[in-house]
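Please look over the sequence and the model, then read the points below.

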Amino acid sequence: MEEQQLLSDAEARAARYISKVEDMPVFPDSASLQQLARFDEPLPDGAGSAKDTLALLDETGSAATTVSNGPRYFGFVIGATLPIAAAAQRLALAWDQCASSQVNSPVADKIEKVAAQWLLEILDLPRESGVAFGTSATASTLVCLSVARRELLNKCGWDFDAMGLQGAPEIKVVVSELAHITVLKALRILGFGQARLIKAPVDNAGRIDPARLPALDAQTILCLQAGEVNTGSFDPFAPLIEKAKQADAWVHVDGAFGLWARAAPAKRELTTGVDGADSWTTDGHKWLNTPYDGAAGICRDRDAMAAAMNSDAVYSTASPESQKNLGIEFSRSARGIPIWAVLRTLGRTGVADLIERHCAMADRVAQALPSLGFELLCDPVLNQVLFRCATVDQTKELQQLVERSGKVWFGTTVWNGKPALRISVSSWRTSDEDIDILLNTLQSARESLETVNP
Ligand SMILES: Cc1ncc(COP(=O)(O)O)c(C=O)c1O
């Protein structure tokens, strides 16, 4: 009974939080941040009250959240959580399944297999691919790139599993000059020295220029991206992958958010040719609006993926399609369940609407910015808007003014060596009225900058 009460209390508090996301300051105010000191308690010696623990979490914690689950958080590429995704996650938490394999959880195994198939269908990637539902695009990139390296080494006669890396033939890696930091991190973890990475030059919009693509060969991994983090731009997949194929290189695509353009007829063209790659990563927790941590690593050659990631033990053997044999974790939660729940509930058209609506909103913001006195740094490609004020100081000050308004939030970045501002429209909750509020807030902040610093 006490368990039921505690869970109902949590549910009521969660519902109350959700009912306030429209009105809370989007970035916590300083009083709420100061209250975080309440968590600075000594580790208790003995048992305490679960009810009090939950109360502290809510009463101090909720006010110190960034309201990324609200309609006016435009920072990074952080989506909110769709109600069905949150609800499915709640139920799955009650099941508390170790979703490693069919024997650990028949239901998770089944649903994640369906989710994997649907993901391949909606992203229109090779249907025979292996899909590992991991914690993040970072972790999924780690999976895909370790499969890539093992395969390329095996192809040149090096038994990677037996011999490891010492004395192995060198695998070259070609990455965009603007590769996401997490791709570089995955490469670093895998032992690819950062100074040895070969950088592919990009054009003004941040896309790899095929004419200047460094030489590739059968011992090269080429990392491309669908959705550059500042501009949202896409590498031109068709000519780049054609070159890679001729060289027998492995192509990996970081599509943490941008791969979802493929699910939207109005934006699909940006992804032309991406299905020719060998591996892809994407997130649910960004644009599909599923909860953290939900991502997928996808490899065209499922057998290669299963061989690289196998973790069968004498007491725990499972099919090659089991999640523990495709991804990193042995014990894991079924991250594919919220993804399945969203795909089942929105369907193809619902996902396309979500993506296209956000892109249209980003277009609207971009079109309004010059008349509000901002410099638009590139035409929006997707859901990202990149801009700045006339000076570096004004650019930084504007972000602070907007943050302090509590009405909206977005962050800073650096573009062409100078600070810039970046708005990303990624939440299912964002309405046209929220875009009005964003533009009004920008206008007021711009005007007060003029007053303070004419
Ligand atoms: C283009 C791109 N790649 C990779 C990542 C890393 O994704 P994750 O945070 O899920 O590891 C991000 C954002 O975080 C991104 O925008």
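The text below starts with the chain as a whole and then turns to single residues.

The structure is a predicted model. Its protein chain holds 13 helices and eleven strands. The radius of gyration is 23 Å, close to the 22 Å that the globule rule gives for 454 residues, so the chain is as compact as a globular protein of that length.

**Overall dimensions and packing**

- Of the 454 residues in the protein chain, 52% count as buried.
- Among contacts with a separation of 6 or more, 71% come from residues 24 or more positions apart.

**Surface and charge**

- The protein chain exposes about 20,400 Å², and carbon and sulfur atoms supply 53% of that area.
- Its side chains include 43 positive and 56 negative ones.
- The centres of these two sets of charges lie 2 Å apart.

**Domains**

- The domain assignment gives domain 1 as residues 2-68 and domain 2 as residues 87-342.
- Taken over C-alpha atoms, the centres of domain 1 and domain 2 are separated by 35 Å.

**Backbone features in loops**

- Tyr292 and Asp293 are joined by a cis peptide bond, with omega at about -10 degrees.
- Asp293 sits in the loop between β6 (279-283) and β7 (295-299).
- Phe76 is a residue other than glycine with a positive phi, near 45 degrees.
- The loop that holds Phe76 runs between α3 (50-61) and α4 (83-95).
- Phe76 counts as partly exposed because its relative accessibility is 43%, which falls between the 20% limit for buried and the 50% limit for exposed.
- Asp124 is not a glycine either, yet its phi is positive at about 50 degrees.
- Asp124 belongs to the loop between α5 (106-122) and β1 (130-134).
- With a relative accessible area of 23%, Asp124 is partly exposed.

- Phe237 is part of helix α9, which covers residues 237-247.
- The relative accessible area of Phe237 is 1%, so this residue is buried, the cut-off being under 20%.
- Leaving aside neighbours within four places in sequence, Phe237 is in contact with Leu224, Gln225, Ala226, Glu242, Val253, Leu270, Thr271, Thr272, Gly273 and Val274.
- Phe237 and Ile337 are 100 residues apart in sequence, and their C-alpha atoms are 30 Å apart in space.
- Ile221 is found in strand β4, residues 220-225.
- Ile221 counts as buried because its relative accessibility is 0%.
- Beyond its neighbours within four places in sequence, Ile221 is in contact with residues including Leu145, Ala148, Arg149, Leu152, Ile171 and Lys172.
- Val173, Val174, Phe192 and Trp250 are also among the contacts of Ile221.
- Ile221 and Ala249 are 28 residues apart in sequence and 5.9 Å apart in space, C-alpha to C-alpha.

**Two exposed residues**

- Ile181 lies in helix α8, which takes in residues 181-189.
- Ile181 has a relative accessible area of 54%, so it counts as exposed, the cut-off being over 50%.
- Along the chain, Ile181 and Val229 are 48 residues apart, and 9.8 Å separates their C-alpha atoms.
- Glu433 is in helix α13, residues 432-452.
- At 52% relative accessibility, Glu433 is exposed.
- Glu433 and Pro71 are 362 residues apart along the chain, and their C-alpha atoms are separated by 9.8 Å.

Conventions. Residues are numbered from 1 along each chain as its sequence is written. This is a predicted model: local features need pLDDT of at least 70, side-chain atom pairs count only at pLDDT 80 or more; totals for chains, interfaces and linings use all residues. Side-chain values use heavy atoms; hydrogens and water are left out. Helices (H or I, at least four residues) and strands (E, at least two) are DSSP runs, numbered from the N terminus. The radius of gyration is taken over C-alpha atoms; the globule rule is 2.2 Å times the number of residues to the power 0.38. Buried means under 20% relative accessible area, exposed over 50%, partly exposed in between (1.4 Å probe, protein chains only). Contact means heavy atoms within 4.5 Å. Accessible areas come from the Shrake-Rupley method with a 1.4 Å probe; for residues, only the protein chains shown count as cover. Lys and Arg count as positive and Asp and Glu as negative; His and the chain ends are not counted. The place of a charge is taken as NZ of Lys, CZ of Arg, CG of Asp or CD of Glu. Domain bounds come from an automatic or database domain assignment.
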